Amino acid sequence: MTDTRDLFAVVPRSEFDIPGQSHGLIDVVRWRYLLRLLVRTGVTTRYRNSVLGWTWSYVRPAAQFLVFWVVLGLFLGMNRVPNYAVYLFSGIVVINLFSEGFKNATTSIVGNAPLVRKVFLPRQLFAVSAIIVAFVHFLPQVGLLLVVCLLMGWITHVSLLAVGAIFAGMLIVMLFSLGLGLFFGAINVRYRDAENIVELMLLLATWASPVLYAWTMVQEAVDTLHWPSWIVELYMLNPITQGVELFHYAFWRPASAGLDGMIPLPPALGWNTLWTFLIAVGTLLLGQLVFRRLEGRFAQDL
């Protein structure tokens, strides 16, 4: 008779899975069919029973742009920046990508509480799908920005480096928002105060990056107040700041080439792209670490 110990000894341990055991973000790839379903559901249900439907993807950023352009451009004189409308909208689309992805990822576990309580599935799927849905809603905005830039002669001055800056900016912002979303999403399951903290962070995000103003104004303020120069360096290492500046480099600068009063390039734009990418990856690893430590109690806490 065959010894059962010998039978199990010849079977690789990798063929057995412990029920309910999570493998982190690797499961997102292994369960990609479910990820596609979550993304499709998130995209199709957002504007369900809405008269304007996908038109809201244009109306919301357009209204946001109009308010900022009137108040800052006309009333506060920011129109001295060449093509300030393009400059402003280039930053707004980046902030909208970050805000929607971060906010929805934070509430993704609580929002899918019935699924989390009843069945096992990789919980990271909810946060990742929230980021992808935010990216899908971001595409019409960046498409509108591209059309406006094309009408301004963007195509004649754009370079491969500028095109690369578009993808680099999107990647940095999405990784950063996913990392923060995993971190606060895990904490939010037990402490709903996390949602309020995220709301405050999103309120500050627009003003903590050069969306409405030029980065040189930060440099001038630091010099005027005789603050340490490392404050500007720290400001430029904000991944959202870098994402905004990469979009300015990719869209606003080619569309405004040859105009007077151009804002100088931020110092070490290339190196800061690398550093902010590493910061975004570090944030993702930290968010994943906290998420995996807390996810074992999600069902009980919900």
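## Helix packing and ring pairs

Helices α9 and α13 are roughly antiparallel to each other, a label for angles over 145 degrees, with under 35 counting as roughly parallel, 65 to 115 as roughly perpendicular and the rest as oblique. What we're looking at is a predicted model, where local features need pLDDT of at least 70, side-chain atom pairs count only at pLDDT 80 or more, and totals for chains, interfaces and linings use all residues. Numbering starts from 1 along each chain as its sequence is written, and side-chain values use heavy atoms, leaving out hydrogens and water.

Now the numbers for that helix pair. α9 covers residues 160-190 and α13 covers residues 239-255; they pack at an angle of about 160°, their axes 8 Å apart. The axes are lines fitted to C-alpha atoms over the stretch in contact, and angles run from 0 to 180 degrees between N-to-C directions. The helices themselves are DSSP runs (H or I, at least four residues), numbered from the N terminus.

Who does the touching (heavy atoms within 4.5 Å)? On the α9 side the contact includes Leu-161, Ile-166, Met-170, Val-173 and Phe-176, and on the α13 side Pro-239, Ile-240, Leu-246, Phe-247 and Phe-251 are among the residues involved. By class, the contact of α9 with α13 has 16 nonpolar, three polar and no charged residues. Here nonpolar is Ala, Val, Leu, Ile, Met, Phe, Trp, Tyr, Cys and Pro, charged is Asp, Glu, Lys and Arg, and polar is the others, Gly among them.

On to the rings. Phe, Tyr and Trp (its six-membered ring) pair if their centres lie within 6.5 Å; planes under 30 degrees apart are stacked, over 60 edge-to-face and the rest tilted. The count comes to ten aromatic pairs, and two of them look like this:

| Pair | Centre to centre | Between the planes | Type |
|---|---|---|---|
| Phe-98 and Phe-102 | 5.5 Å | 40° | tilted |
| Phe-183 and Phe-184 | 5.1 Å | 75° | edge-to-face |

Phe-98 and Phe-102 sit four residues apart in helix α5 (residues 84-106), about one turn of the helix. Both Phe-98 and Phe-102 are buried, meaning under 20% relative accessible area, with exposed over 50% and partly exposed in between (1.4 Å probe, protein chains only). Phe-183 is partly exposed at 25% relative accessibility, whereas Phe-184 is buried at 11%.

Finally, Leu-284 in helix α14 (residues 269-294) is 108 residues from Phe-176 in sequence, yet 6.5 Å away in space, C-alpha to C-alpha. Leu-284 is buried at 13% relative accessibility. Not counting residues up to four places away in sequence, Leu-284 touches Leu-25, Leu-175, Leu-178, Gly-179 and Leu-182.

Key: Helices (H or I, at least four residues) and strands (E, at least two) are DSSP runs, numbered from the N terminus. Contact means heavy atoms within 4.5 Å.
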